Amino acid sequence: MNKLEFTIRKRNHRLKMFFETLDLDVKIIGNPNTPSIILNNKKVLNCYVHNFDLRFLDQWENGKILFEFKLQHEYNFSEEDKDVIFDWLFSPEIKHKECFRVRLVGTELCLSGYNNIHKDEHWKEPELYPVFAEHNFKIYFHKQAAEEKVKEFSHEELQLEVV
């Protein structure tokens, strides 16, 4: 691991700890250099990291920076800091982007990947079989993309839904 990779890992660990210290259920996904922050598997938060600064925005696209925090090794948030973060997080004026999952109906299992099965040695394209899990599932930023997966893989014995 080179120095840049180490720095990015360290920064993203601090990013995750920032939200865990606030008892928030977040996932850090996507490109490690520009990760997306997912809250409760439902919302992409309007914030981003720049070096070791976590910047909070008023909207998802072309948002204005409202405030920022330095990502640190440990956190001792003041009540005022917590109020600022939670007011931003739950404000009706701040519209965090929705995200979606494909779930197996009647379960908590969501699409997490695919197995490639070749029908025989003469078959050129592998057939995809969906794999479901409770953790490390795929998150879709556009509902239409999740709906397409439901259409592609749903059948009588495998009922899927977008959540």
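These legends walk through a few close-up views of a predicted model.

**View A. Helix α2 and its buried side.** Helix α2 covers residues 79–90, and its end C-alpha atoms lie 16 Å apart, which agrees with the 16 Å that 12 residues should span at 1.5 Å a residue. Look for Ile85, Trp88 and Leu89, the buried residues of this helix. They cover an arc of only 100° around the axis, so they sit on the same side of α2. Their packing partners are α1 (3–21), β2 (36–39), β4 (47–50), β5 (53–57) and β6 (65–70). On the face of α2 turned away from the buried side you will find the exposed residues Glu79, Glu80, Asp87 and Phe90.

**View B. Strand β5 and its two neighbours.** Here 5 of the 5 residues of β5 are buried, so the strand is largely enclosed by the rest of the structure. Asp53, Arg55 and Leu57 point one way, while Leu54 and Phe56 point the other way. β4 runs antiparallel to β5 and is joined to it by 4 bridges, with His50 standing opposite Asp53. The two strands β4 and β5 form a hairpin with 2 residues between them, and Asn51 in the turn has a positive phi of about 55°. β6 is also antiparallel to β5, through 5 bridges; one of the pairs to pick out is Arg55 with its bridge partner Glu68 in β6.

View C. Side chains of opposite charge can pair when their charged atoms come close. The whole structure holds 7 salt bridges, and among them is the one between Lys16 and Glu20, at 3.3 Å from N to O. These two residues are 4 residues apart in helix α1, which means about one helical turn separates them. Lys16 counts as partly exposed at 31% relative accessibility, and Glu20 is likewise partly exposed, at 35%. In helix α3 (residues 143–153), Glu152 and Lys149 are 3 residues apart, about one turn of the helix. Their salt bridge brings the closest N and O atoms to 3.5 Å, and Glu152 is partly exposed with a relative accessible area of 46%.

View D. Glu161 and Arg103 form a salt bridge whose closest N and O atoms are 2.9 Å apart. The pair links distant parts of the chain, 58 residues apart: Glu161 belongs to strand β11 (residues 160–162) and Arg103 to strand β8 (residues 102–104). Arg103 is buried, with a relative accessible area of 18%, whereas Glu161 is partly exposed at 26%. Glu108 joins Arg103 and Glu161 in a network of salt bridges.

Technical notes
Residues are numbered from 1 along each chain as its sequence is written. This is a predicted model: local features need pLDDT of at least 70, side-chain atom pairs count only at pLDDT 80 or more; totals for chains, interfaces and linings use all residues. Side-chain values use heavy atoms; hydrogens and water are left out. The expected span of a helix is 1.5 Å times one less than its number of residues. Buried means under 20% relative accessible area, exposed over 50%, partly exposed in between (1.4 Å probe, protein chains only). The arc is that of the directions from the helix axis to the C-beta atoms. Contact means heavy atoms within 4.5 Å. Two strands pair if DSSP finds at least two bridges between them. A salt bridge is a side-chain nitrogen of Lys or Arg within 4 Å of a carboxyl oxygen of Asp or Glu.
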